[in-house]
Amino acid sequence: MKSGVSREQASLLPARVEDYVGADNPVRAIEGYVEALDLAKLGFRHAGRGVGVGQPPYDPADLLKLYLYGYLNSVRSSRRLEREAQRNLELIWLLQGLAPGYRTIATFRKENWAALKAANRSFVLLARELDLVSGTLVAIDGAFFHGDASKASIVTRKQLIEQLAALDRDIEAYGGTLDANDAEEIRHSGGGDDRGGGGDIAQKVAALMAKRAQAQVELATLAASGETQVSRTDADARLLSKNGQTVAGYNVQIAVDDKHKLIVASEVVNDGNDSGQLYEVAKAAKAALAAKTLQAVADVGYYHGATLKACEEDGIVAYVAPAKRTGRLQAQGRFTHEQFTYEAAADAYRCPAGSLLQPTPGRKTNTGGRIEIRYVSRKAVCDACPLRRRCVTDKAPTRTVHRWEHEAVLERHRARMQGAQALMRRRAGLVEHPFGTLKCRAGYRHFLLRGFDKVRGEWSLMALCYNFTRVLNILGFDGFTAYLAGVAERLILLARSAAATLRRASALAAGLWAAITEKSAIVRLRCGRAASTAFLPSLAAKPGTLACGYSGSPGYSATSSGIGRRFRAAPRAWCSRQCQAYPCASRPPPCARRPPPCARRESLFRAGRNAHRPFRTFAPSVPGTIASPCERS
C-alpha cells in the first residue's frame, strides 16, 4: 500500500505556496487578466485608494479574482467563497493568503454591479483586439432564469381582485359567526355560562382585515405604476411564461458572434415577450463590435414591425422568421391577407378574383399602436363574385385589408427571408451554445441577488466567465497569458511615460516660480531704495509735508525712521482724490514708514499678483512735490 509523508516530519526548507500551483494552471490566467485591467477606470470602489484613516479596504482586484475563480468553478455563494479562500491552495495563491469575510465578498458584488458590466464590455474589446469576433453576424435569443423569489410571492391584478373577493367573503362569514356567538352568550348569560369563544374569531377577522388592506395597497400600486404584476420579495422579478412553463424571475437577452460563439452584448429584462427586444440587443452588439452594418438573426418570437423598422434605419439587417397569424382564416377555408397582392402604382390591393380594394380616407390606430390604412372592396363586386364564400362572411359583406403605413419594411423583410433558410438553421447552433453551457455545465439556472442592478451585475459575471473560458480554450494558456503580458507591459510603459511627463511639468513649474520670485525680490529692493532717496529730501525741505503733497495739522502722527520729526498721515479723502496710483479703500497709506504705494503695487504686479488689475504710471498729483520712484523711473 502506498503511504504519504508523515505529518510529524520536520522540514528544513518548507514548501512554498508557489510550488502548489502549476505553471499552466488557469488561475495564473485569472491573475494576469485582472492585473491588466484599469479597475479605477472601470469604476470599482476603492480602486487606487491610498493610505487613509482606519483599516485599509481589500483591493478590488483581489475580490474580483475571487469571484472570477468562483464563477469559473461553479462556486457563487459568498459563504462558500469565504471557506474556499481559507482552504483552497489555488485561492490562497491567488489572494496571497488573504481571507475576506463573506459580508465583504457579498458587498463587493452588490456595490460594483456597474463596474462588473464595464468589465464584461472591456473583455469584448479584448476579444476584438485578438480578432476573435467577426463583427458581421450575431444571433440573438433569450432565456428565462429563476430569480430569488417564488411564484407565490408574485401576484397579478386578476389574482389581487380574486383575493379581495375571497377575503370579503371570509370576513362576512366570520362576522356572521361573531353575531351568532354574541346571541348565544346573551341567551346563556342568565345561567352564568360564559363560553368566551368570540375572542379567537375576532383575532381571525383582524388578520383578514390586515390582508385585505395589504391587497388594496398592492392593487393601488399596480394602478399607479401601470404594471400588471407585483412582487412581494424581489420588486423587479416577474412571472414569465413560455411554452406552457412559468418562471418567477428574469428574461436574459444575448447576442452571440458567429466566429467563436462569444457573447458580445447582453441585457436582463423582466418582460416575457421577446418581440420588443430585437433592436436594443442588436444595437448594443453593433456598438460593442464597432461595426457600420450588422446582420442579426433571431427566431419568430422577435418578429415585430416597429423593431424591424428601427433595425433597418440603424444599419442592422435583421433576419427574423415571420409570424404566421392566419391560422384562423385557414381553418375556416378563407383567403388570408397574404393572398391579396399590393399594387404600388395604383395604391390598391388585388384580391384572388382579380378585383381591386381601394383605400379609405383617414388612418386607423390598432391596439398595438400601429397606424394602418384600410383597403375595402365594393359590395356589388363581392356579391357577384364566385369566390364570395371563401372571402367574406354574412356579417361582413365586404373584405377589408389593413396595411401598416410602413408596410414596405415588412415587404423588404419578406423578400430577404426567401433565401435565408441556411442562415436560420445556423442560428440555433450559435445562440443556444452559451445558454446550454451556462445552465447545464455550470448549473447557473437562477440568480442569487435581487433587483435589476444587482441581477445585471451577477449576469455580467456569468457572461464574463463564459467568454473567459472560451478565449482560454481557443488561444490556449500560453497564447492568452502571452497576450496579457504584452498588455501589462504596455500599461507599464504608459505609466512610465505619464510619470516622466509629470516630472518635466513639475520641474518647469518650479523653475518658473523661482524666476518670478527672484524678479519680485529685485523689484522690491529697487523700489525700497528709491523710496528712501525720494522721501528723505522732501521731508527735510518741507517740514510737515508728506512726499505725496499732503500737509496738515498734527494728529495721529508717525515717526519717520532716523528723522525725529512727527508728521500726520494723509487722510482717506486726500488719498482717493489726489493719489490716483493708490486709491486706498480701507486705511490711509503710512507713507512715512514704508515705500510709496505705487512702488509696492509695481512689485506685486511684477510678482504675478493682482494680475487682473492693469498697471499704470501716473504723473505727480501735486505740482512741486517729488515724484514717487515709479514715476521717476
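How many cavities of 30 Å³ or more does the count come to? The count comes to 4. A cavity here is a set of points on a 1 Å grid over the protein atoms alone where a 1.4 Å probe fits but cannot get out. Its volume is the space filled by probe spheres set on the points, which are joined across faces, edges and corners.

Welcome to this predicted model, in which local features need pLDDT of at least 70, side-chain atom pairs count only at pLDDT 80 or more, and totals for chains, interfaces and linings use all residues. Residues are numbered from 1 along each chain as its sequence is written, and side-chain values use heavy atoms, with hydrogens and water left out.

The second largest cavity has a volume of about 130 Å³. Its lining (residues with an atom within 4 Å of a point) has 15 residues, and C351, A353, C382, C385 and C391 lie nearest the centre. By class, the lining has 11 nonpolar residues, 2 polar and 2 charged. Nonpolar covers Ala, Val, Leu, Ile, Met, Phe, Trp, Tyr, Cys and Pro; charged covers Asp, Glu, Lys and Arg; the others, Gly among them, are polar.

Now for confidence. pLDDT is the predictor's confidence in each residue, from 0 to 100. The protein averages 80, and 77% of the residues score at least 70. Two stretches are tabled below, with contact meaning heavy atoms within 4.5 Å.

| Stretch | pLDDT | Contacts beyond four places in sequence |
|---|---|---|
| residues 580–595 | under 50 | 28 contacts |
| residues 598–633 | under 50 | 56 contacts |

Where pLDDT is low, the predicted coordinates should not be read in detail.

Definitions and conventions. 1 Å grid on protein atoms, 1.4 Å probe; cavity = no way out; pocket = protein on both sides within 12 Å on 5 of 7 lines; lining within 4 Å.
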